[in-house]
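Please open the model in your viewer and keep the selection panel at hand. The tour moves from one pair of elements to the next, and each stop says what to select.

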Amino acid sequence: MSETMTIQSHKGPYTVHFDPNALESLNANVPADAHFLVDAHVAELYADRMAKILAHRSVLQIDAKETNKSLERMPDYVAHLVDKGLRRDQRLIAIGGGIIQDITCFLSATMLRGVDWVFYPTTLLAQADSCIGSKSSINSGSAKNILGTFTPPREVHISTDFLGTLDERDVRSGIGEMLKVHVIDGPDSFDRIAGDYARILAEPEVMMGYIRRSLNIKKAYIERDEFDQGPRNVFNYGHSFGHAIEAATDFAIPHGIAVTIGMNMANYVAAKLEVGSEENYQRMQPVMRKNYAGFETHPVPLDAFMTALSRDKKNQGAGSVTLILADRSGKVSRDKYPMDDTLRGICRDYLETARAAA
Ligand SMILES: NC(=O)c1ccc[n+]([C@@H]2O[C@H](COP(=O)([O-])OP(=O)(O)OC[C@H]3O[C@@H](n4cnc5c(N)ncnc54)[C@H](O)[C@@H]3O)[C@@H](O)[C@H]2O)c1
Ligand SMILES: [Zn+2]
């Protein structure tokens, strides 16, 4: 039986359906008037279970690579949809992770000045975090996520059945975003998910519970601040450092794992700047380490890291950096900090020593 969650957005409410048979239901009743954008790897893995979908007249299969989520690739997607006769009363249906989501959401915002889109997220990151919140983000040249819109889907259909085929690194990437959401919810919430870390990986019902809980926590913020003007900003916790790590390593580290390192680094920086506390850093560290295990020694060149940090979208004014840090009580908030030698020294110590220290 399918359970639901309703999200309020500037375009009206939309519903998230939790349904282990979501793919089978769609395949049994493929809407003629839809256009599908499908992760090519998912299409291959699930070919039998989505045979009717893949035989539809308008299916675009896309490799989930950052280079395909770019302005440079948009003309191909637009040409395909024009060729297939896209009309305003039709909808785009995305089946895949965050990359397919971002491409579909951006096309839905811009083609014909707006067509509806529906999302079947297939990664943990997309199911537990990105599927709600309306954001699309597209790369241009070397600038990651530089173009974007706020375009909610009409419906989201979550089947945790998809998660069984994910690589372990993609599972941990999704858990990174789930940890983030629970830090934002407060220390008790974080301690609870941290204590259940092993069970999340081993027991599908526990995983499902935390996916729902993560979406519920996020729902309260996006309904208050869909356009990210205030309260929602805290969802970038771990992301200033995480994005800088991704940029400095040429995206060798999956997003949610870079964010996990970014959160641990944010707690370290907060302790050193005496915004937060050493206790907070120590309290959260064990599960962060487990989640980024295997990436703790990946080299992060300091100069490239600091350059990327100084270019973060959230920064306001030269010579400063906007960071989201947890205070002594564990409460997360946003503030401006000087981009100086002190911060550079703390970042260097973390990346060169603290990140990998036992
Ligand atoms: N718009 C937003 O709100 C938002 C939020 C967070 C992240 N993002 C973006 O999302 C992207 C990352 O997304 P992601 O982590 O979901 O992954 P992804 O879309 O990059 O997919 C990761 C890998 O998993 C594979 N895959 C997908 N589903 C699978 C399945 N069921 N079984 C096996 N393999 C599967 C893909 O082919 C790919 O190799 C980044 O580009 C990031 O910027 C967007
Ligand atoms: Zn993220």
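Begin by selecting helix H14 (residues 302-310) and helix H15 (residues 341-354), which pack at an angle of about 130° with their axes 11 Å apart; axes here are lines fitted to C-alpha atoms, for helices over the stretch in contact, and angles run from 0 to 180 degrees between N-to-C directions. H14 is therefore oblique to H15, given that angles under 35 degrees count as roughly parallel, over 145 as roughly antiparallel, 65 to 115 as roughly perpendicular and the rest as oblique. The crossing of H14 and H15 is right-handed, where left-handed means that the near helix is turned anticlockwise from the far one by less than a right angle, and right-handed that it is turned clockwise.

This is a predicted model, in which local features need pLDDT of at least 70 and side-chain atom pairs count only at pLDDT 80 or more, while totals for chains, interfaces and linings use all residues. Residues are numbered from 1 along each chain as its sequence is written, and chains are lettered from A and ligands numbered from 1 in the order in which they are written. Helices (H or I, at least four residues) and strands (E, at least two) are DSSP runs, numbered from the N terminus.

Next, select H7 (168-185) together with helix H10 (residues 204-224), whose axis comes within 9 Å of that of H7 and crosses it at roughly 50°. That makes H7 oblique to H10, and the crossing of H7 and H10 is left-handed.

Now turn to the open sheet of 7 strands, which has the order E1-E2-E9-E6-E5-E3-E4 and mixed pairing; two strands pair if DSSP finds at least two bridges between them. Strand E1 (3-7) and strand E4 (59-62) stand at the edges with a single partner strand each, so one side of each is left without a neighbour in the sheet. Within the sheet, select strand E5 (residues 91-96) and strand E6 (residues 116-121), which pair in the parallel sense over 6 bridges, and find Ile93, whose bridge partner in E6 is Val118.

Ser140 stands opposite Ala143 in E8, and in the hairpin, which has 2 residues between the strands, Gly141 takes a positive phi near 55°.

Finally, select ligand 1, which 30 residues surround, the closest being His41, Gly97, Gly98, Thr123 and Ser130; a residue is near a molecule if its C-beta atom, placed from the backbone, lies within 6 Å of it. Which helix gives the most to the shell around ligand 1? H5 does, with 5 residues.
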